[in-house]
Amino acid sequence: MHHDVFATLRKGVVAQSAEGTVTASIMPTEVQAKFAMPSLRALAAGPDYAEAVWRPSGNYGERPAGTDISMIIIHTCESSYASCWSWLVNPDSGVSAHYVVKEDGSEISQLVSEEKRGWHIGATYDCKLNSNVDCGLTGTSVNHFSVGIEHGGSASQTSFPAGQIEASAKLSCDISRDRTILRDSYHIVAHGKLQPATRTDPGPNWPWASYLSKVQAYCTSDIIVDTNNANNDAAVAKFSASANWTKTSSTSGSYGGDYYYASVQGITDTAVFSFYLPAAATKSIEAWWTAGTNRSASAPFVIFNAAGTKLGTVNVNQQAGGSQWNALGSFSFQAGWNTVQVSRWTSSGTVVIADAIRVR
């Protein structure tokens with residue numbers, strides 16, 4: 001409680017209309033002096049996204065202990081931006097979202113801290129509605145593990161303003177980067193997809209392909225190569241494997257919804273993650289896999305530069321470290337197509353897993 005008191009003293013007290021116009025502000029002179037504040041910011045920045053205006057809602061709860069925030073849910077307000085956020089901060093509404101994006105993208109309101117459980121979707125998770133991805137979450141309230149983004153507008157509109165899409169994509173990039181959420185169509189999801197009985201938003205005209213591309217583009221410090229080439233930017237990322245590798249989604253927690261496996265044999269038959277660099281650079285490599293007791297405890301990841309020179313082999317225990325990024329090390333790569341190859345040449349375990357790599 002004392003943290004809230006001091007935060008109020010530092011920020012001051014403001015009154016604002018539903019449209020966001022500041023109608024009054026109070027900041028005692030002696031408090032300004034004590035905290036060495038040169039001027040009062042009428043509206044503070046959001047606690048998680050500095051570009052957002054912080055308009056705190058009391059409509060939230062605690063996430064269950066140990067919850068992994070793993071999805072972003074895209075909503076439309078079915079009203080204007082101003083009426084949307086003002087309703088979501090009203091205690092009588094009984095609902096909230098973490099963010100609301102203005103129609104032209106010129107402003108974003110943060111209403112609930114990302115670490116808190118917003119009240120933005122009235123559904124328990126059913127993986128059958130989401131291509132059988134993350135089935136271990138089935139039966140769990142989607143609010144437990146998601147961040148909700150509302151958008152001024154409606155599901156029936158024929159298009160969405162470019163400024164709103166750009167602002168929202170930047171926000172989704174920031175959330176996904178901070179919370180390690182997969183940037184694909186299974187983890188950045190429509191409200192209506194997960195609650196189809198009563199909701200359709202953001203509607204049939206939300207530009208999903210370009211939106212996800214923009215989210216990825218704003219997070220260009222990383223290159224992610226998925227086994228599903230539909231999730232890859234073909235200009236910089238691609239995956240290939242022989243017919244001896246089997247594609248499956250039988251274990252939840254894969255990157256992008258599926259992965260490949262192959263039995264361990266003393267043969268050279270690799271699954272190949274390729275990534276393009278415009279110039280030579282030292283990059284850190286991370287790998288994602290689904291863990292299981294039948295996995296190899298020493299699965300070989302072999303790293304090559306664009307000239308085909310082997311830079312190193314990293315043996316990993318795929319019985320542990322599942323559904324997360326695991327560091328393989330840093331390597332000096334050349335300009336061009338470099339590769340990380342998952343090899344079957346190991347004697348430990350039953351299968352090796354190829355799921356995704358991240359180049360940082």
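Biologist: What do β17 and β18 form, and how many residues lie between them?

Modeller: β17 and β18 form a hairpin, with 5 residues between them. In the turn, Gly 308 has a positive phi of about 85°. Bear in mind that this is a predicted model, in which local features need pLDDT of at least 70, side-chain atom pairs count only at pLDDT 80 or more, and totals for chains, interfaces and linings use all residues. Residues are numbered from 1 along each chain as its sequence is written, and side-chain values use heavy atoms, with hydrogens and water left out.

Biologist: What makes β17 and β18 strands, and what joins them?

Modeller: Strands are DSSP runs of E with at least two residues, helices are runs of H or I with at least four, and both are numbered from the N terminus. β17 covers residues 299-304 and β18 covers residues 310-316. Two strands pair if DSSP finds at least two bridges between them; here 6 bridges join β17 to β18, which run antiparallel, so the two strands count as paired. Phe 304 stands opposite Lys 310 in β18.

Biologist: Which residues does Ser 298 touch?

Modeller: Ser 298 lies in the loop between β16 and β17. Leaving out residues up to four places away in sequence, Ser 298 touches Asn 315, Val 316, Thr 346 and Ser 348, where contact means heavy atoms within 4.5 Å. The C-alpha atoms of Ser 298 and Gly 349 are separated by 7.8 Å, although these residues are 51 residues apart along the chain.

Biologist: Why are α5 and α7 called oblique to each other?

Modeller: Helix α5 (residues 162-179) and helix α7 (residues 208-218) pack at an angle of about 55°, with their axes 8 Å apart. Axes are lines fitted to C-alpha atoms, for helices over the stretch in contact, and angles run from 0 to 180 degrees between N-to-C directions. Angles under 35 degrees count as roughly parallel, over 145 as roughly antiparallel, 65 to 115 as roughly perpendicular and the rest as oblique. The angle of about 55° falls in the rest, and α5 and α7 are therefore oblique.

Biologist: Which residues of α5 and α7 meet, and how do they divide?

Modeller: Among those in α5 are Ile 165, Glu 166 and Arg 177, while α7 brings Tyr 211, Lys 214, Val 215 and Tyr 218. The residues of this contact divide into 6 nonpolar, 2 polar and 4 charged.

Biologist: What makes β3 and β10 edge strands?

Modeller: They belong to an open sheet of 6 strands in the order β3-β7-β6-β9-β5-β10, with mixed pairing. β3 (53-54) and β10 (188-190) each have a single partner strand, so one side of each is left without a neighbour in the sheet. β3 and β7 (residues 108-110) pair in the parallel sense over 2 bridges, and Val 53 stands opposite Ser 109 in β7. α7 lies across β5 (71-74) and β10, running at about 155° to β10.

Biologist: Which strands stand at the edges of the open sheet of 4 strands?

Modeller: Its order is β11-β22-β16-β19, with antiparallel pairing. The edge strands are β11 (223-226) and β19 (326-333), each pairing on one side only. The twist averages 20° from one strand to the next. Strand β16 (residues 281-288) is joined to β19 by 7 bridges, and the bridge partner of Ala 281 is Phe 333 in β19.

Definitions and conventions:
Ala, Val, Leu, Ile, Met, Phe, Trp, Tyr, Cys and Pro count as nonpolar, Asp, Glu, Lys and Arg as charged, and the others, Gly among them, as polar.
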